[in-house]
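Dear colleague,

I am handing over the structure below, and after it I set out what was found. Please keep it open while you read.

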Amino acid sequence: MKRRVVVTGMGIWSCLGKNIDEVEASLRAGRSGIGLDSERLEYGYQSGLTGIVERPVLKGILDRRSRIGLSEEAEFAYMATRQALEQAKIDDSYLDNNEIGVIFGNDSSAKPVVEAANIMAEKHDSALLGSGLIFQSMNSTVNMNLSTIFRFKGVNFTISAACASGSHSIGLGYMMIKQGLQDMVVAGGAQEVNYYSMATFDALNAFSRRMDQPALASRPFDADRDGLIPSGGAAALVLEEYEHAKARGAVILGEIAGYGFSSNGGGISSASDEGSVIAMQRALDDAGVTADDIDYINAHATSTPQGDLFEAKALQRLFGGRHALVSSTKSMTGHECWMAGASEMVYTLIMMNRGFAAPNINLDNPIEEVRTLNMVTATTEADIKTALSNSFGFGGTNSALIVKKTE
């Protein structure tokens, strides 16, 4: 019997809000979460634009032993996972008596590495580093902390695939369940936002310089776009086998129906319409649907000149002239990087469950390649039954996910 994979819980901690309801309000309002961080300019950045993400206060929620090993992105991930488990009605008793896996996409942690290096450079004594920095700085910081805090006993590893990481994490969780290796997996993505983390990215001249109007700076598919805006936070989804979810009376939020992937095989920072098409077509084929079945597309489009152009060409090839609504929520969030694929699945599920399509804000002068697409420029009431979410990253890694509404 074919095993189906459904979503029974989701959580979010982003520049659009600190829970599902806050994020829905921002999506509906087309409200940007982007601001100007003066510390970045003082540090030497060319652009001080960033998604403004509130740091959670964990004192009183977690004991000191649990807090000390959490990097910034692991703190975000803890809050998102907590929400997702609560919505899925997974309590302490369930955690103690059942196996749950955890797969997260996240970047390495810049802040603890820099802090440790600074202490060593000044004091020349590793005994002063303490025990927390090692667990904060490891690339597996999110998974190791979440598995310890929540007592997860299933599959446990980190996906690091640039800006497709969060999407690949959901795709691999989906595959684990579909193949019968797990019944439940918490999958997501997390990204730190401190100013240490993005300096090398800023060096590539990839960031928008529209600092006088932060809310207008992220302009996916607009001819006047001048670069992306870095952002972050965390998103988590509880993925579960359908019959398993039904048996325990879980509320089903949607079904992950297809996963597609590819690699461009070209330049390390080059986009590819061909690679994008291959990932999207594989996801469609895996889900058993066609381009005509897609009601909404959450585009990867980050507001960079090259990346948006090649994705637009790919979307035009598959969806030009068809009915699918298209928008990039990055117009409001900026680019949430390693988190983006997971957060955008959460944003898509919010739209699917609450009957609307969020706008691609700041699309005042659309590029020619999207003129055959049904671009959403204002919040639109919509019955989204089947949706596609794209994520592409440095190194040519591509991921596409199909999610369906369950009746």
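**The pocket and the sheet**

Helix α13 and strand β14 each supply at least two residues of the lining of the largest pocket, where helices (H or I, at least four residues) and strands (E, at least two) are DSSP runs numbered from the N terminus. This is a predicted model, in which local features need pLDDT of at least 70, side-chain atom pairs count only at pLDDT 80 or more, and totals for chains, interfaces and linings use all residues. Residues are numbered from 1 along each chain as its sequence is written, and side-chain values use heavy atoms, with hydrogens and water left out.

A pocket here is an open set of points on a 1 Å grid over the protein atoms alone, where a 1.4 Å probe fits, with protein on both sides within 12 Å along at least five of seven lines, and lining residues have an atom within 4 Å of a point. The largest pocket is lined by 27 residues, and those nearest its centre are Ser269, Thr304, Gln306, Gly307 and Phe394. The largest share of this lining, five residues, comes from α13.

Eleven strands form an open sheet with mixed pairing, in the order β5-β4-β6-β7-β1-β8-β15-β14-β9-β10-β12, and two strands pair if DSSP finds at least two bridges between them. Because β5 (156-159) and β12 (374-375) stand at the edges with a single partner strand each, one side of each is left without a neighbour in the sheet. Strands β14 (residues 386-393) and β15 (residues 397-404) pair in the antiparallel sense over eight bridges, and threonine 386 has lysine 404 in β15 as its bridge partner.

Best wishes
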